[in-house]
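Dear colleague,

I am handing over a structure for your study. Please look through the sequence and the model before reading the notes below.

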Amino acid sequence: MLRRSFLKFLAATPLGRLAAGLAATLASAAAIYLDLTQIDVKKTAQKRAAAAEIHLPYPRLRGPVSVEEALANRRSVREYREEPVTIEELAQLLWAAYGISETTYGLRTAPSAGAQYPLELYAVVGDLGVKTGEGYLPAGIYHYDVYAHSLQMRKAGDYREALYRAALEQIWVLKAPVSLVFTAVYSRTTRVYGERGRLRYVPMDLGHAGQNVYLQATALGLGTVAVGAFYDEEVSRILDLPPDETPLYIMPAGRPLASYRLTEKELIQYYQRRRA
Ligand SMILES: Cc1cc2nc3c(=O)[nH]c(=O)nc-3n(C[C@H](O)[C@H](O)[C@H](O)COP(=O)(O)O)c2cc1C
């Protein structure tokens with residue numbers, strides 16, 4: 001079949017119509033995305049004027065742990081040593097979660113439907129929770145500015161106990177030196193995709209970013225757990241979230257009390273026992 005007639009044939013099939021629909025959606029998503037990029041940059045500039053910026057150590061793009069090792073040794077970790085994480089480790093977790101990985105359009109480490117990036121990220125830092133060169137990061141609630149790779153303090157004080165109570169008293173939220181909190185601004189995605197954006201794409205986006213945190217934590221010798229069980233209103237109040245932001249995940253992070261290691265031998269034996 002000639003290329004042109006093949007394309008005509010394809011366009012007439014249900015699959016072709018779906019593809020055409022998707023192409024149109026993508027085109028409008030791209031236009032809106034470029035629009036949004038400008039808005040985000042402006043918003044960031046306004047925020048910068050309002051709150052002192054803490055410039056985080058730049059992310060490292062090389063590490064000693066392979067992606068296979070991180071996948072194999074990733075577990076939900078709920079018991080942590082009473083030790084701080086370093087500011088370098090916190091910076092690396094935040095970057096891995098949702099940081100910039102492409103410098104023309106500001107694309108991120110996690111894929112996002114139509115590159116709408118509905119998520120926002122906060123760090124709830126406990127007293128003596130994050131070690132810096134000179135001492136400790138003051139306890140508080142910080143917003144992560146993905147474009148500048150910086151933190152801005154939103155509230156001073158140790159809010160771990162409040163967060164722990166909001167999270168149905170899951171003790172790992174109290175004990176971890178720091179928790180990352182993901183929120184979503186659903187309208188960034190629903191304005192392009194409607195209800196499909198709310199029901200599917202935002203949760204999918206969150207899953208990608210959450211797994212990034214898990215894998216980066218594992219590669220750094222840290223542990224984390226995705227906590228989805230909490231009272232939304234309580235978490236929103238603690239973080240002083242604007243009405244259009246919904247909290248989705250709390251991810252406490254710290255040094256694991258016990259480490260988990262899967263060996264190749266153990267894995268192969270597991271599969272061998274299940275093969276006919
Ligand atoms: C959407 C979601 C919500 C979760 N909520 C919680 C939670 O509230 N508390 C908790 O301790 N673990 C929570 N987890 C972690 C799961 O319990 C954990 O991933 C599961 O037991 C498998 O263990 P693994 O992560 O070590 O593979 C959640 C995981 C997901 C994906």
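Which strands does helix α9 (residues 232–239) lie across? Helix α9 lies across β3, β5, β7 and β9, running at about 70° to β9. Helices (H or I, at least four residues) and strands (E, at least two) are DSSP runs, numbered from the N terminus. Axes are lines fitted to C-alpha atoms, for helices over the stretch in contact, and angles run from 0 to 180 degrees between N-to-C directions; contact means C-beta atoms, placed from the backbone, within 7 Å.

Please note that this is a predicted model, in which local features need pLDDT of at least 70 and side-chain atom pairs count only at pLDDT 80 or more, while totals for chains, interfaces and linings use all residues. Residues are numbered from 1 along each chain as its sequence is written.

The open sheet has seven strands in the order β1-β6-β5-β3-β7-β9-β8, with antiparallel pairing; strands pair if DSSP finds at least two bridges between them. At its edges are β1 (53–55) and β8 (223–224), each pairing on one side only. Strands β3 (residues 119–125) and β7 (residues 178–184) run antiparallel and are joined by seven bridges. A123 has L180 in β7 as its bridge partner.

Helix α4 (residues 87–98) also lies across β3, β5 (140–145), β7 and β9 (246–254), at about 160° to β3. Beyond its neighbours within four places in sequence, A123 is in contact with residues including L90, L94, Y142 and L180.

Yours sincerely

Terms used
Two residues are in contact if their C-beta atoms, placed from the backbone, lie within 7 Å.
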